[in-house]
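Dear colleague,

I am passing the structure below on to you, together with its sequence.

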Amino acid sequence: VSATFQHKRRLALCAIAGAVAVALAVSDRLILILYDGRYHAAAFMLPVLFAGTWFAVLAAFGEATVFGLDRPRASAAGNLAKFVILIVGLPLAVAHYGVFAGLLVLLLAEAGRWVALSLALRAERLTSVRDDVLMTVGVAALAVALKVVLGNVGLVPTIAQWWALGQSVHG
């Protein structure tokens, strides 16, 4: 793997990671501002969906790379993994555990797509799962830190208040 490719990939992912972390930390507040109380459960759901977006970003980088290598099978495998997780997981999760479990399946489906693409890229020696895992931990840590700081000064709901907003979703 060329050092230039990895460096540019890391830079792009760092910028996107920052944006996703901010979205994770503040998106609930936007729902509370824009919508009345009937929609406040969405303030709980949106950050969970943004977490899935992070895996979609990682997968999109991988997909662009495999297409550039003329390896469309890898992209198809990623999409198949996502499809299988959704088609099997969503009905089971929602029926047995509710909407919150369904949200987690959406996140898991994006992560499954990323894993399938990462395996193909690893075979081509074009990606580092280690980098992606470290970036993912960084996104989570930054999002939690922002949530704690902004929540403590009253700009966004605290983590406890955010969890309470989802009471109707997770029970």
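The chain has seven helices and zero strands, where helices (H or I, at least four residues) and strands (E, at least two) are DSSP runs numbered from the N terminus. Along the sequence the pattern therefore reads α-α-α-α-α-α-α, and the C-alpha trace spans about 50 × 35 × 25 Å along its principal axes. Please keep in mind that this is a predicted model, in which local features need pLDDT of at least 70 and side-chain atom pairs count only at pLDDT 80 or more, while totals for chains, interfaces and linings use all residues. Residues are numbered from 1 along each chain as its sequence is written, and side-chain values use heavy atoms, with hydrogens and water left out.

Turning to the packing, helix 1 and helix 5 meet at an angle of about 30°, with their axes 8 Å apart; axes are lines fitted to C-alpha atoms, for helices over the stretch in contact, and angles run from 0 to 180 degrees between N-to-C directions. Helix 1 and helix 5 are therefore roughly parallel to each other (angles under 35 degrees count as roughly parallel, over 145 as roughly antiparallel, 65 to 115 as roughly perpendicular and the rest as oblique). Their crossing is right-handed, a term used if the near helix is turned clockwise from the far one by less than a right angle. By class, the contact of helix 1 with helix 5 has 15 nonpolar, two polar and six charged residues (Ala, Val, Leu, Ile, Met, Phe, Trp, Tyr, Cys and Pro count as nonpolar, Asp, Glu, Lys and Arg as charged, and the others, Gly among them, as polar).

The axes of helix 2 and helix 5 come within 11 Å and cross at roughly 155°, so these two helices are roughly antiparallel to each other, and their crossing is also right-handed.

Of its 18 lining residues, the closest to the centre are Leu-24, Pro-47, Ala-51, Ala-143 and Trp-162, where lining means having an atom within 4 Å of a point. Helix 5 gives the most to this lining, with six residues, and by class the lining has 16 nonpolar, one polar and one charged residues.

Best wishes

How values were computed
On a 1 Å grid over the protein atoms alone, a cavity is a set of points where a 1.4 Å probe fits but cannot get out, and a pocket is an open set with protein on both sides within 12 Å along at least five of seven lines; lining residues have an atom within 4 Å of a point.
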